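Visitor: I would like a close look at a single part of this fold. Please keep it brisk.

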Amino acid sequence: MRWQQLFDDLEGQYDAARAAELAGEVAERTRREVARLLLVDRLRAAEGAPLAVTVPGVGVLRGRLLDAGVDWLLLDEGGGREALVPLQAVLGVTGAGSRSAAPDDGPVAKRLDLRWALRGLARSRAGVALGLVDGSVVSGTLDRVAVDHLDLAEHGLGEARRAGAVRQVRLVPLTALALVRSS
């Protein structure tokens with residue numbers, strides 16, 4: 001009888017140690033997975049959600065998340081206005097929830113960066129307002145998007161890009177962008 005109690009006790013200790021080891025392994029794997037997450041993974045999981053995004057020189061932008069790329073997010077601010085925000089300019093985001101999407105670090109996703117999105121705006125010849133990190137705003141049409149800067153033909157918002165309407169062409173470093181608004 002005492003042998004059976006001893007074996008039952010040892011078996012219970014073994015089961016408890018094994019459960020503790022498994023719980024520790026699960027916790028460690030979870031920490032490793034969370035450590036791999038990027039902000040864009042969290043944002044992609046929040047697509048369609050209403051967000052508040054704090055941006056230097058601009059303040060808090062509120063809108064529904066339309067899309068997120070490797071280094072940008074796109075908000076629908078309502079009233080036909082959209083804001084393209086470089087992730088480097090984001091000071092904080094609320095409303096994203098706790099979910100995350102699986103990391104998408106494939107070669108195609110890496111090419112769909114901020115410059116890719118800006119080149120789409122340049123091709124469309126849409127008028128834009130650029131909010132810069134110092135709080136200033138310039139408007140016009142994107143002429144070219146290079147590796148680290150863009151060319152903005154400055155003219156009034158709502159005006160077509162015509163030679164007579166262009167006041168000047170401004171080179172804007174991409175690091176100076178806080179947001180790009182289009183309508």
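Visitor: Which residue in S10 is the bridge partner of Ala 129?

Guide: The partner in S10 is Arg 181. This is a predicted model, where local features need pLDDT of at least 70, side-chain atom pairs count only at pLDDT 80 or more, and totals for chains, interfaces and linings use all residues. Numbering starts from 1 along each chain as its sequence is written, and side-chain values use heavy atoms, without hydrogens or water.

Start with S6, residues 127–132. Strands here are DSSP E runs of at least two residues, numbered from the N terminus. Five of the six residues in S6 are buried (under 20% relative accessible area; exposed is over 50%, partly exposed in between; 1.4 Å probe, protein chains only).

S6 pairs with S10 (residues 177–182), antiparallel, over five bridges. Pairing takes at least two DSSP bridges between two strands. S7 (residues 137–145) also runs antiparallel to S6, again with five bridges. There, Ala 129 partners Ser 139. Four residues separate the strands of the S6 and S7 hairpin, and Gly 135 has a positive phi near 95°.

Now the salt bridges (a side-chain nitrogen of Lys or Arg within 4 Å of a carboxyl oxygen of Asp or Glu). The whole structure has nine. Asp 151 meets Arg 144 at 2.9 Å between the closest N and O atoms. Asp 151 is buried at 7%; Arg 144 is exposed at 58%. Glu 154 and Arg 170 are joined at 2.8 Å. Glu 154 sits in S8 and Arg 170 in S9, so their pair ties together parts 16 residues apart in sequence.

Back to Arg 181. Salt bridges with shared partners link Arg 181, Glu 77 and Arg 81 in one network.
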